[in-house]
Structure formats: structure tokens, C-alpha cells
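Morning, everyone. Please bring up the sequence and the model on your screens, and let's walk through them together.

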Amino acid sequence: MRYYIFAAAILLLDQATKWLVMKKMHLYESIPLWEGVFHITSHRNRGAAFGILQDQRWLFILVTCAVLAAIVFYLMRIGKSQPMLSWSLALILGGAIGNLVDRIRFGEVVDFLDFRYINFAIFNIADSAICIGVALMLLVTLRQSEGESEGAAKEKLVQKAGDSQ
């Protein structure tokens, strides 16, 4: 249950920050927090990451619903047995729902985090949660693969030692 609560907290933070941007700023208005480095910029995205696949709202809604179903299935299946993987799925779940809410309500996603120093795409809390969740999932998967490889190598050594006796 804690993973769903965490996902809900991400969703609430995401929606609250987007609401503030929409309520307090005009579209394309930019507030520099660190001039030339980091701004809060009111922006909308009708596509996916970096603005690709513009105006494919229903495709994104359908794909997101499928992904959400898979995440809930895996969270129920693995639960506490793989906590790091579950936390990564919770991050992705909260972020995906946050952007889904925008697509359903507005037909576009509200973005506002604008790192200008590296000329990066404008994004939001949901996007951040998804990226962190995917990165954590990759890390967990790589560590598991590495552990399995080490386990297989140790098993071969033990087998060779047994064969030589």
C-alpha cells in the first residue's frame, strides 16, 4: 500500500505545481530563478517527451492506460519482495497518472521546469518522477543481472571443483 501512497503523493505534488503555474502565470511567461540557468516557464506540450508525436492525444491516453495496468499488476505481484523495483514502479505510476490527468483534462501536458543552461526541454514533476523511476528500474535490473552472472560463475567454479575430486 505504501507504494500507492507514494505514487499518490507524486500525483498531488505534480498537479499542485501545474495548477500554480496555470493559475499564476500566463502561457509562455518565464520567471528566472537563476538567470540563464533555471527558469519557471509556463509551457504546454501536446506531444510526448521533447515534443515528439504532437497531437496524438488518444494514442498517449491508450498507451498510458496500458502501462498503468501493467505497473499495477507488477506492483501487486512483487510487492515487498523487491522493494527497489517497487519504488521505481511507484515513481513511474505517479508520474504517468499526473501526465494522463493533463491529457484528459486539457488535451496537453503542463510543463514548467526550464533548465536553460543545458538547453533542455521544458518538463514537469511527473516527467521527473518517470525519469527517476526508469533510471532506478534500470539500475535494479543491471544489478540483478550482474548478481545472476556472478552467481552462475560461482556455480561453475563449485561444479569444476567437484568434478576434479
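Over how many bridges do E1 and E2 pair, and in which sense, parallel or antiparallel? The answer is four bridges, in the antiparallel sense. One of those pairings can be named: Ile-31 has Ile-40 in E2 as its bridge partner. A word of background here. Strands of a sheet pair through backbone hydrogen bonds, and they do so either parallel or antiparallel.

Before going on, please note that this is a predicted model.

Now the overall layout. The chain has 165 residues. Its secondary structure comes to four helices and three strands. Read from the N terminus, the order is α-β-β-α-α-β-α. Buried residues make up 36% of the chain.

Three strands form an open sheet in the order E1-E2-E3, and the pairing is antiparallel. E1 and E3 are the edge strands, each pairing on one side only. On average, neighbouring strands are turned by 30° against each other, direction ignored.

What lies across the sheet strands? H1 lies across E2 and E3, and it runs at about 90° to E3. H3 packs on the sheet too, touching E2 and E3. The direction of H3 makes about 130° with that of E3.

Stay with H1 for a moment, and find Asp-14. This residue sits in helix H1. Is Asp-14 buried or exposed? It is buried: its relative accessibility is 0%, and buried means under 20%. Which residues does Asp-14 touch, leaving out those up to four places away in sequence? They are Gly-98, Asn-99, Asn-124, Ile-125 and Ala-126.

Keep Asn-99 in mind, and turn to the largest pocket. About 730 Å³ of space lies in it. The lining holds 27 residues. Nearest the centre of the pocket lie Ala-48, Ala-49, Asn-99, Asp-127 and Ile-130. H4 provides the largest share, five residues. By class, the lining has 17 nonpolar, seven polar and three charged residues.

For context, most residues other than glycine have a negative phi.

Take Tyr-28. Its phi is near 75°, a positive value in a residue other than glycine. Where is Tyr-28? Look in the loop between helix H1 and strand E1. Tyr-28 counts as exposed because its relative accessible area is 56%, and the cut-off is over 50%.

Now Asn-119. Phi there is near 55°, again positive in a residue other than glycine. Asn-119 lies in the loop between strand E3 and helix H4. Is Asn-119 buried or exposed? At 71% relative accessibility, Asn-119 is exposed.

To recap briefly. The sheet runs E1-E2-E3, with H1 lying across E2 and E3 and H3 packing on the sheet. Asp-14 is buried in H1. Tyr-28 and Asn-119 are exposed. That's my tour; over to you.

Technical notes: Residues numbered from 1 in each chain as written. Predicted model: local features only at pLDDT ≥ 70, side-chain atom pairs only at ≥ 80, totals over all residues. Heavy atoms only, no water. Helix = DSSP H or I, 4+ residues; strand = E, 2+ residues; numbered from the N terminus. Buried < 20%, exposed > 50% of the residue type's maximum accessible area, 1.4 Å probe, protein only. Contact = heavy atoms within 4.5 Å. 1 Å grid on protein atoms, 1.4 Å probe; cavity = no way out; pocket = protein on both sides within 12 Å on 5 of 7 lines; lining within 4 Å. Points joined across faces, edges and corners; volume = space filled by probe spheres on them. Nonpolar A, V, L, I, M, F, W, Y, C, P; charged D, E, K, R; others polar. Pairing = 2+ DSSP bridges. Axes fitted to C-alpha atoms, helices over the stretch in contact; angles between N-to-C directions.
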